[in-house]
Every structure is written in structure tokens, then in C-alpha cells.
Amino acid sequence: MKKVKIGIIGTGNISHAHMEGYNMLDNVEYCAACDLDKKRVDAFAEKYGFKRTYTDFNEMLKNEELDAVSVCTWNNSHASASIAALKAGCNVLCEKPMAMNAREAEEMVKTSLETGKLLMVGFVRRFGSDTRIVKDFIDNGHLGDIYYAKASYLRRCGNPGGWFSDIKRSGGGSLIDLGVHVIDLVRYLMGRPKAVAVTGVTYSNIGPRAHIKAYPRYKASDYSEYSDVEDMAAAMIRFDNGAVLSVETSFSLNLKEDTGNIELFGTKAGARLEPLEIYSEMDGYLVDITPKVSKEKDWFSAIFKNEIAHFVDCVANGTECLSPAEDGLELMKILDAVYESAKTQREVIIK
Ligand SMILES: NC(=O)c1ccc[n+]([C@@H]2O[C@H](COP(=O)([O-])OP(=O)(O)OC[C@H]3O[C@@H](n4cnc5c(N)ncnc54)[C@H](O)[C@@H]3O)[C@@H](O)[C@H]2O)c1
């Protein structure tokens, strides 16, 4: 069996979740890893057995012959690292958000088409078991037409600081970091309708809350208290099939507790995820349906394992990608439109 030669660009927190996935597979070979931080990349290589390390991804791509690369850097280098890797003949799994904006994402899609190499976006929640089950129900018509959805990803005191809260490296705050997961998931489950209009707001009234005591905090690898990104964003997204998504995200918000919620409302049934429940009617009675499934011990680790296994399967066997770059581009258009609408205080039409 030919081994898939793996390279990693960016060896911070999330790269370890990618490695949990690669470690499950026996058709991969760990070749090279790269990070701006020499100590971090050397420790990473030692831990997982990568042969060579680099601090410049262009250098790595020039010297190595890789089949597949995970791009796990800050958001501001997703485009440059992915484009360079595609041009060097690699298939790429790029972490979410795909890029800083739709203009960069378009360039990435173009490069993937020109090079004929796969560009997959790390929409990891597409790989959850709830997602698979509810997608089956939707594809088999059990929800009918989904015409409305609600999604939220709210943290009370959850600005990770560091690069996450530095707009030059992240592109934004809770919307681009957390919103990307739930907006994509709803769009994916709805059958990938195209967003046509967006009304959004963003607020930066609270800040990173670094002064809060006696409460565990999210922390970026290179934590700092600086923040110039939004604390909170909310939007109404209208799709070309008439469906609407109402979404809310926050890093800092005066709410009771952190929540994450996805609800889909169809003509035949509704669904709520994590835990998955279906709301419908049967013989004139309202019924709630709970699928019986064995629970993963560690949900976060499980979805990454599924995502990485799928990426390697696409590279090794040409399997059709479940999370293609085109969907990342659509998502970036939505995020751009929310930020634009918040700035102009007007509805933004997406062409
Ligand atoms: N899918 C998810 O659930 C999930 C969760 C967390 C983070 N992420 C995404 O993963 C990415 C990384 O996040 P993280 O939490 O691991 O951050 P991190 O800061 O822990 O790691 C990022 C690493 O990239 C390195 N880096 C930055 N620019 C680089 C460049 N040009 N070349 C080489 N190395 C570079 C940094 O030095 C750092 O070590 C982000 O895009 C984030 O949105 C996804």
C-alpha cells in the first residue's frame, strides 16, 4: 500500500487534533512539519515522529515531496499556505475559516482548480454522528422542506486572546471563529442553498474580560489580553430557496452560561442537534423522536478522527470530498456580508 506523505503547517493547538486523526491510519507517513516557532515545531516533530522541521512553509514545500498537507496556522496565512501547497502539488486540508475573506477564498478555489489538487476545508462538525444521522433523515425527506433555522454559539467569557483577538491575524472575532462552524452546518444540512441577503450586527462592548477572577478561560497558544475583534455578532441570512437562518455568536456576553444550539424547522418535522431530537406528529399526536446511538467517549476527538480519515481517503482513493473549497468560499461570502451589514447598518445582497 502506497503511503500518503503528510506535512503539517502550523503546529499549535489544533494540529494535535489533526494528529489524533492521522495516528489512527496506517497508510500515512509523517514527513515534515513547519511553524514560525522553532521550539514548538521541533517538540511537535519529536512527539509524532516527523522527519524534518521548518520555520518557512515555502522552504518546506520546495524541499519536500508531500501528498497531503494540513494547514493549521492563524487565519491570516490560510490562503498563502494553502495556495503554496497546492502549487507544490499537495492536496490540502485547510482549517476553518477558510480564509480572511471571500477574495482570498476565491483565489484558493481558483488555484485548486488550476492545479487539479484537492482543497478541503476543515468544517469538522460535518463529521459528527448527529450530523450524519440528521442528514440521512433530511435526505430521505423526513423533515420536508426546511424553511427556518436557528443557530447559536455563545460564550459568556470566552475570548481566547492572542491571535484570535488580533483582527490582522484572525479577520474578526466570534463570528469568524465560532459562527463559521454553525452557519456552515446549517447550510450543509439544508442542502447547500446559496445565501442571497444578510442583515447583521456586531458589538464590541465588553472586551476580552481578562480581569475576570475564579473562572476558567479559553487561551490561545500565545495569549495576550489585547483585543480589537467583535465580542458578539448576530445575523439573519436569507437563502435562494426562501429559507432563513438566524444566528448568534459571542466571545463575551452577559448571559447565564455558554450555549451552542442548532435547530432546523421543516414542513414535516423539526430537529435539534447535540443531543439529536426530532419533533414531528404521528396519527394526530405530537411526537419527539430520539435516535438511539452509541455515544462517542470524546466527541471533539471523534469528529477530528472522522475528518482526517475522510481527507486521507479522498487523497488516497479519490473519494468525493464532503467538505470542498467551494463551500468554504460560500461561507466566506456570508461572513463578509455580515461584517459589511454591521458596518453599513443595511441589508447586504450577495451576488
Ligand atoms: N476546527 C476547529 O474546531 C478548530 C478549533 C480551534 C482552532 N481551529 C483553527 O485552527 C487554526 C489554528 O488555531 P490554533 O488554536 O491551533 O492556534 P495556535 O496559535 O495554537 O496555533 C497556530 C500555529 O500556527 C503557527 N503559525 C502562524 N502563522 C504561521 C505561518 N505563516 N507559518 C507557519 N506557522 C504559522 C503559529 O506559530 C502557531 O504555532 C485557526 O485557523 C483556527 O481557526 C479550528
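A polar side-chain atom of Trp163 lies 3.0 Å from an oxygen atom of the ligand, a polar contact being a pair of N or O atoms within 3.5 Å; within protein, one must be able to donate a hydrogen and the other to accept it, and residues adjacent in sequence count only if both atoms are side-chain atoms. Taken alone, the ligand exposes 850 Å², and the protein buries 92% of that; these areas come from the Shrake-Rupley method with a 1.4 Å probe, and for residues only the protein chains shown count as cover.

This is a predicted model: local features need pLDDT of at least 70, side-chain atom pairs count only at pLDDT 80 or more, and totals for chains, interfaces and linings use all residues. Residues are numbered from 1 along each chain as its sequence is written, and side-chain values use heavy atoms, with hydrogens and water left out.

**Around the ligand**
- Asp35, Arg40, Asn75, His78 and Ser221 come nearest among the 23 residues around the ligand (one heavy atom within 4 Å of it).
- Asn75 places a polar side-chain atom 2.6 Å from a ligand oxygen atom.
- Lys96 has a backbone N or O atom 2.9 Å from an oxygen atom of the ligand.

**Helix H1**
- Helix H1 covers residues 13-22, and its buried residues are Ser15, Ala17, His18, Met19, Gly21 and Tyr22.
- Buried means under 20% relative accessible area, exposed over 50%, and partly exposed in between (1.4 Å probe, protein chains only).
- Helices (H or I, at least four residues) and strands (E, at least two) are DSSP runs, numbered from the N terminus.
- The buried residues of H1 pack against several elements, including strand E1 (4-9), strand E2 (28-34), helix H2 (38-48) and helix H9 (299-317).

**Lys168**
- Lys168 sits in helix H7 (residues 167-170).
- Lys168 counts as exposed because its relative accessibility is 61%.
- Beyond its neighbours within four places in sequence, Lys168 is in contact with Asn76 and Met100 (heavy atoms within 4.5 Å).
- Lys168 and Cys321 are 153 residues apart in sequence and 30 Å apart in space, C-alpha to C-alpha.

**Asp130**
- Asp130 belongs to helix H6 (residues 129-139).
- Asp130 counts as buried because its relative accessibility is 6%.
- The Asp130 side chain reaches the backbone nitrogen of Glu274 at 2.7 Å.
- Leaving aside neighbours within four places in sequence, Asp130 is in contact with Leu273, Glu274, Pro275, Leu276 and Lys295.
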